[in-house]
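Me: I am new to this structure. Please take one part and go through it closely.

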Amino acid sequence: MWHTDVLGTIGNTPLVRLNKVIPEGLPCPVLAKVELFNPGGSVKDRIGVTMIDAAERAGKLKPGGTIIECTSGNTGAGLAIAAAVKGYRCIFTTTDKQSQEKVDVLRAFGAEVIVCPNNVAPEDPRSYYSVAARLNQEIPNSFHMNQYDNPANAVAHVETTGPELWEQTEGRITHFIAGAGTGGTISGTTKFLKSKNPTLKTVGVDPFGSVYASYWRTREFDEGEIYPYFTEGVGEDMIAGNMDFDLVDDYVQVTDIDALQTTRRLAREEGLFVGGSCGMALAGANQWLDAHRGELTEDDVVVVLLPDSGFRYLSKLYDDAWMQNHGFLERSAALDADQILSMSKTQRPGVISVTPTATLAEAIGEMAAQGISQIPVIEDERVVGSLTETVILNKLIAEPEARDQPVSEIMSAPFPVIPRTMHLEQLSGYLEQGPGAVLVHDAGDEHYQILTKSDLIDALMHVR
Ligand code: PMP
């Protein structure tokens, strides 16, 4: 059995169960729809051929014609593959935010690529939208595919992605989770799946910096939500025609660091070498599944769509130097005292302390009862000193009768008081040199909270 050409190999991508990079203890499977198996390496191969077929049928694309499109790369590859088979010329506009690999792939398929600035408004004449529109006017027998508003984009997913997921899960899919750029994938797939099962839930995932999540919540376009971010291919600074917000049941937002680190984990822990919008979709899925775990049952089947392959991001998210330069490598460096406290196993509302007038024996008794190895000395809400096991031990060895002395005569200098916003790097400096603990306190806080080396170890065990 063979395909008549490469276009026959598009779609029918595998569903793969995720086993490690998901929240622990979920009652249901979380499956990935792995779109890297398409011949151009992404979900966008599906719309390339569908949009060209639709344009041919409508008489808008004639033999010898030129396909024009603004594309972050993947749609370009999908169009270029179909154009190579069908014999069309392709001109693509893209932005300087996209990986060089993506541009190289388009050129490999014989396309011409014009790279435009990313940080300009869509209506600016230099934007990749405006340049594509101008070329369309200037070049005879050309057709601007416009994946943002072209209905054939979402139709590709109504006709292929949706039915595949229905068949692959034997009608058991209950949750569909995906990011959105043009919205074709999330809208088309959901439209089909909800026609089969109206109770299916679709969760959209958006990078911070995109306008979609806030637009879904309020149906108002908030320019204040828009700022640059690094995750490629998802989120928008405008509302695409293919994005149907009414089909989405919930929306979550993901930071670049979470998206990119989750992507790397997919490669290392699941063996799925995928692009940044995949890690974003999964990070969002994990956030949502964790928050809604009480609603899930063993009959649920969750599918997260992973749009593309990791090959296009070797010089970025898979490059340690690039990740380091952008502050994305060490998630731990971004942790602050407040986050470390919230991750600690020993959650307590306020610090356990002794007064300076208590005896050393009383202080030792309290420390033993609480299982702690250091204690601050506090009088009238003021931190006046500290006791640690080391100091106590040295004192008792030298002077056994010290057990009856007041704490004020034995205590050392107070633990440093630091603000909640202090970052791990600085914080660990305090813990290494000093007595092994700091007190976290901001003006207006009711209690002091103690943060020790073991809290730091707990927090670091949570982040990878
Ligand atoms: N991920 C990547 C890498 C993409 O290129 C795109 C398309 N812009 C998407 C996700 C989102 O897909 P859609 O346009 O169908 O919403």
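What follows is a close look at strand 4 and strand 5.

Reply: This is a predicted model, where local features need pLDDT of at least 70, side-chain atom pairs count only at pLDDT 80 or more, and totals for chains, interfaces and linings use all residues. Residues are numbered from 1 along each chain as its sequence is written, and side-chain values use heavy atoms, with hydrogens and water left out.

Strand 4 covers residues 89-95 and strand 5 covers residues 112-116. Strands (E, at least two residues) and helices (H or I, at least four) are DSSP runs, numbered from the N terminus. The two strands pair in the parallel sense over five bridges; pairing requires at least two DSSP bridges. Between strand 4 and strand 5 the chain passes through helix 3 (residues 100-108), and this β-α-β crossover is right-handed. Right-handed means that, with the strands pointing away from the viewer, the path from the first strand over the helix to the second runs clockwise.

Thr95 stands opposite Cys116 in strand 5. Arg89 lies in strand 4 and Glu112 in strand 5, so the pair ties together parts that are 23 residues apart in sequence. Arg89 is partly exposed at 39% relative accessibility, and Glu112 is partly exposed at 35%. Buried is under 20% relative accessible area, exposed over 50%, partly exposed in between (1.4 Å probe, protein chains only).
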